[in-house]
Amino acid sequence: MQIIPAIDIIEGKCVRLTQGDYEQKKIYNEHPLEVAKQFEDAGLQRLHLVDLDGAKAGTVKNWKVLETIAGKTSLVVDFGGGIKKKEDVDIVFNSGAALATIGSLAVKDETTFVQWLKEYGAARFLLGADVKKEKIAVAGWLETTDIWIYDFIEKYLEHGVQQIFCTDVSKDGLLQGPSTELYKSILAKFSGLHFIASGGVSAVADLDALRNIGCAGVIVGKAFYEGRISLDELVRFNEGR
């Protein structure tokens, strides 16, 4: 199982929110490159970079942070937040992202996303599914749709999407443990899925549980920044080492 540390960006700074609430913001480092280099130096290979300003504005904002991290580290970066137009996709890839992370757009504008999958190649996209009681949530988690998570995943697997991460919005940022039962159910339905768990990770025991049910990766954010899981523990866990 691959450990994927997360860096969330507001105004160029490394922050974390609680349950997506911009009013519950905590700044951890004013220089995201320092944090990224810390991960790289420790031996981690992947980074989940989220442009929270972009997510709010509906267009990519913090692409310079992406450009700096991609240019000055060897981390494989997936970048999301505000990717709504083809120009946003081009900016993200031109700035050095290996993968563009797509969430709400895949829910609200399937035609556009499917076109991107064909044009750029499905392997270049990471599909994000925010879930509340097995239904897809959008609009900063304020809006729950009637789309069942299993139907959503199945549809995009048919379109060639290879990597999917899922966040239970009731868990994210609360350090109360991940939605292991939900993830186990998803993995049972889609054997061989490259599934990445996200949200709720609070301790090494959570990483054990996620590995045991077959997750290919796990995104770790607040638990690391709050000192619940050390960098050494993340490294030891990465790829089972």
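The model is predicted, so local features need pLDDT of at least 70 and side-chain atom pairs count only at pLDDT 80 or more, while totals for chains, interfaces and linings use all residues. Residues are numbered from 1 along each chain as its sequence is written, and side-chain values use heavy atoms, with hydrogens and water left out.

**Nonpolar cores**

- A nonpolar core here is a set of buried Ala, Val, Leu, Ile, Met, Phe, Trp, Tyr and Cys residues joined through side-chain atoms within 4.5 Å. Buried means under 20% relative accessible area, exposed over 50%, and partly exposed in between, with a 1.4 Å probe and protein chains only.
- The largest nonpolar core holds 72 residues, and I7, F113, F125, I186 and L207 have the most contacts inside it.
- Apart from that core lies another one of seven residues, including L99, L126, F165 and I219.
- In soluble globular proteins, nonpolar side chains tend to be buried together.
- Contact means heavy atoms within 4.5 Å. Leaving aside neighbours within four places in sequence, F125 touches V89, F93, L99, A100, I102, F113, W116, L117, Y120 and Q163.

**Helix α7**

- Helices (H or I, at least four residues) and strands (E, at least two) are DSSP runs, numbered from the N terminus.
- Which residues of α7 are buried? In this helix, residues 149-158, they are I149, Y150, F152, I153 and Y156.
- An α-helix has 3.6 residues a turn, so residues three or four places apart point the same way.
- After α7 comes G160, with a positive phi near 100°.

- Strand β7 covers residues 125-132, and six of its eight residues are buried.
- Two strands pair if DSSP finds at least two bridges between them.
- Strand β6 (residues 99-102) runs parallel to β7, joined by three bridges. I102 stands opposite L127 of β7.
- Strand β10 (residues 163-168) also pairs with β7 in the parallel sense, over six bridges. Here the bridge partner of L127 is I164.
- Strand β8 (residues 135-138) pairs with β7 in the antiparallel sense over two bridges, and K132 stands opposite K135 in β8.
- β7 and β8 form a hairpin with two residues between them, and K133 in the turn has a positive phi of about 50°.

**Salt bridges**

- A salt bridge is a side-chain nitrogen of Lys or Arg within 4 Å of a carboxyl oxygen of Asp or Glu. That rule gives a count of ten.
- R16 and D8 form one of them, at 2.9 Å from N to O. R16 is buried at 11% relative accessible area, and D8 is buried at 9%.
- K26 and E226 meet at 3.0 Å, N to O. This pair links distant parts of the chain, 200 residues apart: K26 sits in strand β3 (residues 21-29), and E226 in the loop between α10 (222-225) and α11 (231-237). K26 is partly exposed at 42%, and E226 is partly exposed at 32%.
- K85 forms a salt bridge with D88, with their closest N and O atoms 3.3 Å apart. K85 is partly exposed at 36%, whereas D88 is buried at 2%.
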